[in-house]
Amino acid sequence: MLYMPLSPRNDPDMMVAICTAVFDWDVLLQGHVSPSVEGLEAVLSSTFQTFTFSIEGGQVLLKGEGDLHSSHFSSYGRSFSLVQGDHLSLQYDLTIYPTSTYGVRESTLYPAYGCGLSIMVILITSFVVFYFD
C-alpha cells in the first residue's frame, strides 16, 4: 500500500488529503527483473513495515514480513529509494542482497584456462629463445 499526502502549494506542511494506492509489490518488482537473475533477496522497507522477497529464475516471491535476508550477506547489500516524497510522505527503500546461490551459474574455469595458456606461451617462448640463442 502506498500513501502520499496532498497539501496546498502555498502551505506544504498542511495535509488536506491522502492519496492511497494498493498493489502487490511482488507484481510490481516482477516487471523489472530479468529472467536470468537468480540468488537475490530484496528487502522492501517503509516507516511502518518491512517485507522480504526472494528472486529466483526471474521470479519475485514473497518470503515473509520482516527483514529475513541472511545476515551473512548484510555487508553486500545495495539500497535505493523507490518512492521519495516530501517530509510528510512515507519513504520506501529497497535493499538487494545476494544469497549463497548468487553467481554460481556464472562461475567458470575460463580464467584458469587463460592463465595456464599464458604460462605455457611464456615457457615455450623462453625455451625457444634459450635454445636458439
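Start by selecting Lys63, which is partly exposed at 41% relative accessibility. Keep in mind that this is a predicted model.

Glu41 and Lys63 form a salt bridge, and their closest N and O atoms are 2.3 Å apart. Show strands β3 and β5 next. Glu41 sits in β3 and Lys63 in β5 (residues 59–65), so the pair ties together parts that are 22 residues apart in sequence. Color the two residues by accessibility. Glu41 counts as buried, with a relative accessibility of 7%. Look for other salt bridges if you like: a search of the whole structure finds one. Side chains of opposite charge can pair when their charged atoms come close.

Move on to the nonpolar core. Select Phe53, Ile55 and Val60. In the largest nonpolar core, which has 13 residues, these three touch the most other members. In soluble globular proteins, nonpolar side chains tend to be buried together.

Zoom in on Ile55. Leaving out residues up to four places away in sequence, Ile55 touches Val33, Val37, Glu38, Gly39, Leu40, Ala42 and Val60.

Last stop: the cysteines. Select Cys19, which is partly exposed with a relative accessible area of 41%. Then select Cys115, partly exposed as well, at 43%. How many disulfides does the model have? The count comes to zero, with a disulfide taken as a pair of cysteine sulfur atoms within 2.5 Å.

Definitions and conventions. Residues are numbered from 1 along each chain as its sequence is written. This is a predicted model: local features need pLDDT of at least 70, side-chain atom pairs count only at pLDDT 80 or more; totals for chains, interfaces and linings use all residues. Side-chain values use heavy atoms; hydrogens and water are left out. Buried means under 20% relative accessible area, exposed over 50%, partly exposed in between (1.4 Å probe, protein chains only). A nonpolar core is a set of buried Ala, Val, Leu, Ile, Met, Phe, Trp, Tyr and Cys residues joined through side-chain atoms within 4.5 Å. Contact means heavy atoms within 4.5 Å. A salt bridge is a side-chain nitrogen of Lys or Arg within 4 Å of a carboxyl oxygen of Asp or Glu. Helices (H or I, at least four residues) and strands (E, at least two) are DSSP runs, numbered from the N terminus.
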